[in-house]
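Colleague: Could we go through this model together? I would like to begin with the overall picture and then move to particular residues.

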Amino acid sequence: MRKLKAGKRGLVTKYISRSKAIRKLQLSLKDFRRLCILKGIYPREPPQKLKKLNKTYYHSKDINFLAADTMIERFRLQKVWLRKYKHARAKGLVGQIKYMKHRKPKYTLTHLIRERYPEFSDALRDLDDPLSLISLFSIFPSHKEFHLNRQRIVKCTELLRHFNLYVIHTHSLKKAFLSIKGIYYQCEVLGQKITYLCPYEYPPNLPADVDYRVMSTFLEFYEVLLRFVMFKLYNMVGKKYPPVSEEPKEDDGQSFFSYNQLQLEDIPTEKDERYQIDEEFANLNQTESKCLFEGLVFFLNSEVPRPSLEFIIRSQGGEVYWDGLDNNINIDSAVITHVVTDRETVKQKKTKEYIQPQWVYDCLNNGLLLSVKDYAVGKVQPSLI
């Protein structure tokens, strides 16, 4: 009987090393890593026999799954285009350079969204990491060496604002927690709990030992995923996506005053398959909890975290104002019911309540309006006693 060579039969044949997978797909390590991230393929724990070799292994079926994707061909076309483009720049061929810029091969990730998330609930369940990464990139400064361009950062900021605007419109925010890393928000969308982290808006330090290209690849997929999800969610509530921003002069790019969430543009009346409202899901948005801050008008002093407080208060039906808005409403206006401040030097009036920012977070987390006396300015908060 003829003997079989080692590694030709059994459990070992179900795994393939990364180097062999790269040779099989005829890709560079950078393109292979990028393709695995976009397709959702990750290394696997190999059998004990292969662990001793100290290599990275994948399932053979996963590599065969990658080999059948059309994106490999698009990667190869981009590689050929880049080689010709560099050659044209070295030769100084201005006309050919302009022509090649318009002929750059492109690809889309739309088929990957349907492939990885066959059900809409699957996409909602997986929004924790996309929202956290998008909010992280929204505070990054542009950096040429780390491949962080300004346009992408602005897109991340807009995507995060669009999602928060939907949460405000549907009153979906349930919890908020202040931590060292940032502010955790938890909202409930169509029965799915989504928890994401928004860093504090301070200039971040960019460590040089972080591979920002890998993060950018994840971001590339997450941006497309969030656009698909937001398009569906906005249409479910009868609104058109993306919302149009008026960008008034007093808007600094962080608040929601440039979007009138109560008068968002309705979807077209003509029968369009893209704008069909799912009545079953739309009814889920109507089962909203009672808004905590409905009928209350807040004024935010300059030392408090305004973007976070504005998001929470508006998501619970309250109104928010601060200095700098061109609406003739200041801290002394009669319409103001609550002043959020951390300064004891603020002159207090009997007709208004002066509270610390923590009161807003604790009210949201407890689901009721707490006593303002326990959160008076200069007083130790109950949670710290």
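Modeller: A term first: a residue is buried when its relative accessible area is under 20%, exposed when it is over 50%, and partly exposed in between, using a 1.4 Å probe and protein chains only. The model is predicted, so local features need pLDDT of at least 70 and side-chain atom pairs count only at pLDDT 80 or more, while totals for chains, interfaces and linings use all residues. Residues are numbered from 1 along each chain as its sequence is written, and side-chain values use heavy atoms, with hydrogens and water left out.

Colleague: What percentage of the chain do buried residues make up?

Modeller: Of the 385 residues in the chain, 44% are buried.

Colleague: And how many helices and strands are there?

Modeller: The chain has 14 helices and nine strands. Both are DSSP runs numbered from the N terminus, with helices (H or I) of at least four residues and strands (E) of at least two.

Colleague: Which residues touch the most other members of the largest nonpolar core?

Modeller: They are Phe 163, Tyr 196, Leu 233 and Phe 293, in a core of 97 residues. Helix H11 gives the largest share of this core, 13 residues. A nonpolar core here is a set of buried Ala, Val, Leu, Ile, Met, Phe, Trp, Tyr and Cys residues joined through side-chain atoms within 4.5 Å. In soluble globular proteins, nonpolar side chains tend to be buried together.

Colleague: What does Phe 163 touch?

Modeller: Leaving out residues up to four places away in sequence, Phe 163 touches Leu 127, Leu 131, Cys 187, Ile 194, Tyr 196, Leu 226 and Met 230. A contact means heavy atoms within 4.5 Å. Another core, of five residues, lies apart from the largest one and includes Tyr 85, Ala 88, Ile 97 and Met 100.

Colleague: Let us change topic. How much space lies in the largest pocket?

Modeller: The largest pocket holds about 1600 Å³. On a 1 Å grid over the protein atoms alone, a pocket is an open set of points where a 1.4 Å probe fits, with protein on both sides within 12 Å along at least five of seven lines; lining residues have an atom within 4 Å of a point. Grid points are joined across faces, edges and corners, and the volume is the space filled by probe spheres set on the points.

Colleague: Which residues lie nearest its centre?

Modeller: Of the 37 lining residues, Arg 34, Gln 78, Lys 104, Tyr 107 and Glu 220 lie nearest the centre of the largest pocket. Helices H2 (29–39), H5 (71–91), H10 (150–170) and H11 (212–236) each give two or more residues to the lining.

Colleague: How does the lining divide by class?

Modeller: The lining has 17 charged, 11 nonpolar and nine polar residues. Asp, Glu, Lys and Arg count as charged; Ala, Val, Leu, Ile, Met, Phe, Trp, Tyr, Cys and Pro as nonpolar; and the others, Gly among them, as polar.

Colleague: How many salt bridges are there?

Modeller: The count is 11, a salt bridge being a side-chain nitrogen of Lys or Arg within 4 Å of a carboxyl oxygen of Asp or Glu. One of them joins Arg 161 and Glu 158, at 3.3 Å from N to O.

Colleague: Are those two buried or partly exposed?

Modeller: Arg 161 is buried, at 5% relative accessible area, whereas Glu 158 is partly exposed, at 22%. The two are three residues apart in helix H10, so about one helical turn separates them.

Colleague: Which parts does the pair of Glu 303 and Arg 343 tie together?

Modeller: Glu 303 and Arg 343 form a salt bridge, with their closest N and O atoms 3.3 Å apart. Glu 303 lies in the loop between strand E6 (297–300) and helix H13 (306–315), and Arg 343 in the loop between E8 and strand E9 (353–355), so the pair ties together parts 40 residues apart in sequence. Glu 303 is partly exposed, at 27%, and so is Arg 343, at 42%.

Colleague: Finally, what about His 338: buried or exposed?

Modeller: His 338 is buried, at 8% relative accessibility, and lies in strand E8, residues 338–340. Among the residues that His 338 touches are Leu 296, Phe 298, Trp 359 and Val 372.
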